[in-house]
Amino acid sequence: MIQVQRRKEPPPSLADQCRPFKEDVRHALNDDFFGKCYLCGGIASDSFDVEHLRPVCDFPGAEYSWQNLFPAHSRCNERRKRWSKEEREAQHKRWPRGGLLDCSSDDIDGRLKQEFITDATGAHARFQSSLTSDMPAANTANELNSIHSRDCFWGLQISILIGKRYSSVLTAYSRLSAAFQQAGRNWGDPSVLREQAALYSMLDKAAPYAGLMRNKMRTWLNPNWFQKLGL
Ligand SMILES: [Zn+2]
């Protein structure tokens with residue numbers, strides 16, 4: 001999951017309050033969320049569903065609220081956690097006590113730990129709240145762990161894609177590293193700049209699984225390099 005900047009003005013057709021949502025809504029979500037599913041961070045492009053962060057059954061007034069609409073794979077949305085009676089807010093069927101993070105307004109990088117390890121079968125992604133007292137972050141981590149669980153076919157597919165993506169990031173990093181050495185450790189060399197741009201594009205917010213990839217790189221990449229990449 002990664003923080004995005006949602007446009008302030010709602011798409012005009014939302015004022016008509018009609019379903020299915022019109023093309024202007026889909027275009028706006030596609031642009032603002034970089035064509036990605038807000039839950040898993042994978043490419044969704046034209047195939048995403050327009051989903052509600054706050055479920056309509058609990059928040060009927062938010063059905064046509066621009067701030068409540070998010071692009072997601074239908075399978076990711078289906079695998080959002082079902083909260084037990086003890087976990088959810090009183091009188092709400094599907095909304096956890098304390099709520100959830102909103103990736104179009106909350107500090108996702110600061111509040112959510114996003115980690116994974118890789119092996120031959122893909123990635124094992126794990127999400128955690130940065131602070132134990134942060135209930136929205138803990139609830140969001142719970143939902144993301146449910147979506148990424150490799151016990152189900154969909155979670156396994158996502159983990160394979162994340163593993164492949166990390167391999168590509170590592171290849172881009174190796175190319176940058178080699179170019180840097182060959183250029184006598186000169187950051188201004190054209191070949192270094194080219195490889196730097198290639199690696200940056202894989203860690204940019206618009207890239208698939210950018211939240212997971214950035215956090216992974218932070219765990220071992222030299223902080224100076226991280227800064228050089230502009231992340
Ligand atoms: Zn997804």
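A residue is taken as buried if 20 or more other C-beta atoms lie within 10 Å of its own, and as exposed if 12 or fewer do. In this predicted model, Tyr209 has 29 C-beta neighbours inside 10 Å and therefore counts as buried. Tyr209 lies in the loop between α6 and α7, and its phi is positive, at about 55°, although the residue is not a glycine.

Most residues other than glycine have a negative phi, and most peptide bonds are trans.

## The β1–β2 pair

Strand β1, residues 49–52, runs antiparallel to β2, and the two are joined by 4 bridges; within this pairing His52 stands opposite Leu69 of β2. Strand β2 spans residues 69–72 and is covered on both faces, with Leu69 and Pro71 buried on one side and Phe70 and Ala72 buried on the other.

## The largest nonpolar core

The largest nonpolar core comprises 44 residues, and those with the most contacts inside it are Cys37, Tyr38, Leu39, Ile162 and Met213. At least two residues of this core come from each of the helices α1 (23–32), α4 (135–148), α5 (153–182), α6 (190–203) and α7 (210–220), and likewise from each of the strands β2, β3 (112–119) and β4 (122–129).

## Packing of α5 against α7

Two packed helices are described by the angle between their axes and the distance between the axes. For α5 and α7, the axes come within 11 Å and cross at roughly 50°. Since angles from 65 to 115 degrees count as roughly perpendicular and those under 35 degrees as roughly parallel, α5 and α7 are therefore oblique to each other.

The crossing of α5 and α7 is right-handed, and the contact is made by Ile162, Arg165, Tyr166 and Val169 on the α5 side and by Leu212, Met213 and Lys216 on the α7 side. Ile162 and Met213, which take part in this contact, are also among the residues with the most contacts inside the largest nonpolar core.

Key
Residues numbered from 1 in each chain as written. Predicted model: local features only at pLDDT ≥ 70, side-chain atom pairs only at ≥ 80, totals over all residues. Pairing = 2+ DSSP bridges. Core = buried A, V, L, I, M, F, W, Y, C linked by C-beta atoms within 7 Å. Axes fitted to C-alpha atoms, helices over the stretch in contact; angles between N-to-C directions. Parallel < 35°, antiparallel > 145°, perpendicular 65-115°, else oblique. Left-handed = near helix turned anticlockwise from the far one by under 90°. Contact = placed C-beta atoms within 7 Å.
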